[in-house]
Amino acid sequence: MVSFSICVDLTGNLGEDILSKIRQVIRDSLDLHPVDGHLLLPSLASSLPLPHVMGPTYRYLWVDKIGHSFSILIETHNEEGGRGVPVLVWAIRRKVGHTLSAICMNTIMGRLKGVAEVKKLGLPKTVEKDMMKAFGRES
């Protein structure tokens, strides 16, 4: 199983709601194309400009494969239609443990959007603490 940590280095002056949608699109595209940057690029290029993701803010993007990870640079438009501030995202491949606990934790972390959602799961306190700690390392 291949898993990635999605880290946004430069936010491009975009709101957290748009950044969350960008993370989800990248995660979904990596689920489909975890090792091939040539397939990842068209997948992201068709998904990011959708109205419910970035809409007219999207301009174009670059995807570079670095080892088993990816660097994704998204160019944006500002409100006036001019050149906006870019968004830099790293998709860093993580090692997934071989225990059931590690696999479950990795799957859960891949689907949550933030630390606040961990509390809503109603997990046992020890598992919740481990999840919170893991989310702290990822951001």
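Seven bridges join strands E1 and E4, which run antiparallel. In this predicted model, serine 5 stands opposite isoleucine 92 in E4. E4 also pairs with E3, again in the antiparallel sense, over five bridges. Here phenylalanine 70 has alanine 91 of E4 as its bridge partner. E3 pairs in turn with E2, antiparallel, over eight bridges.

Together the strands form an open sheet of four, in the order E1-E4-E3-E2, with antiparallel pairing. E1 and E2 are the edge strands, each pairing on one side only. On average, neighbouring strands of the sheet are turned by 20 degrees against each other, direction ignored. E2 and E3 form a hairpin with two residues between them. Glycine 67, in the turn, has a positive phi of about 65 degrees. Seven of the eight residues of E3 are buried, so this strand is largely enclosed by the rest of the structure. Helix H1 lies across E1, E3 and E4. H1 runs at about 145 degrees to E1.

The largest nonpolar core holds 24 residues. Ile22, Leu44, Leu48, Met54, Ile72 and Ile74 touch the most other members. Two or more residues come from each of strand E1 (3–10), helix H1 (16–32), helix H2 (37–47), strand E2 (58–66), strand E3 (69–76) and strand E4 (87–94). H1 gives the largest share, six residues. Nonpolar side chains tend to be buried together in soluble globular proteins.

The contacts of isoleucine 72 were examined beyond its neighbours within four places in sequence. Isoleucine 72 is in contact with Ile26, Leu44, Leu61, Trp62, Val63, Val87, Leu88 and Val89.

Two aromatic pairs were found. One is formed by phenylalanine 4 and phenylalanine 70 and is tilted, at 6.0 Å centre to centre with 45 degrees between the planes. This pair links distant parts of the chain: phenylalanine 4 is in strand E1 and phenylalanine 70 in strand E3, 66 residues apart. Both phenylalanine 4 and phenylalanine 70 are buried. Tyrosine 60 and tryptophan 62 form a pair with ring centres 5.0 Å apart. Their planes lie at 85 degrees, so the pair is edge-to-face. Tyrosine 60 counts as partly exposed, at 33% relative accessibility. Tryptophan 62 also counts as partly exposed, at 41%.

Threonine 57 lies in the loop between H2 and E2. At 18% relative accessibility, threonine 57 counts as buried, because the cut-off for buried is under 20%. Residues up to four places away in sequence aside, threonine 57 touches Leu14, Glu75, Thr76 and His77.

Key. Residues numbered from 1 in each chain as written. Predicted model: local features only at pLDDT ≥ 70, side-chain atom pairs only at ≥ 80, totals over all residues. Heavy atoms only, no water. Core = buried A, V, L, I, M, F, W, Y, C linked by side-chain atoms within 4.5 Å. Buried < 20%, exposed > 50% of the residue type's maximum accessible area, 1.4 Å probe, protein only. Contact = heavy atoms within 4.5 Å. Pairing = 2+ DSSP bridges. Phe/Tyr/Trp six-rings, centres within 6.5 Å; stacked < 30°, edge-to-face > 60°. Axes fitted to C-alpha atoms, helices over the stretch in contact; angles between N-to-C directions.
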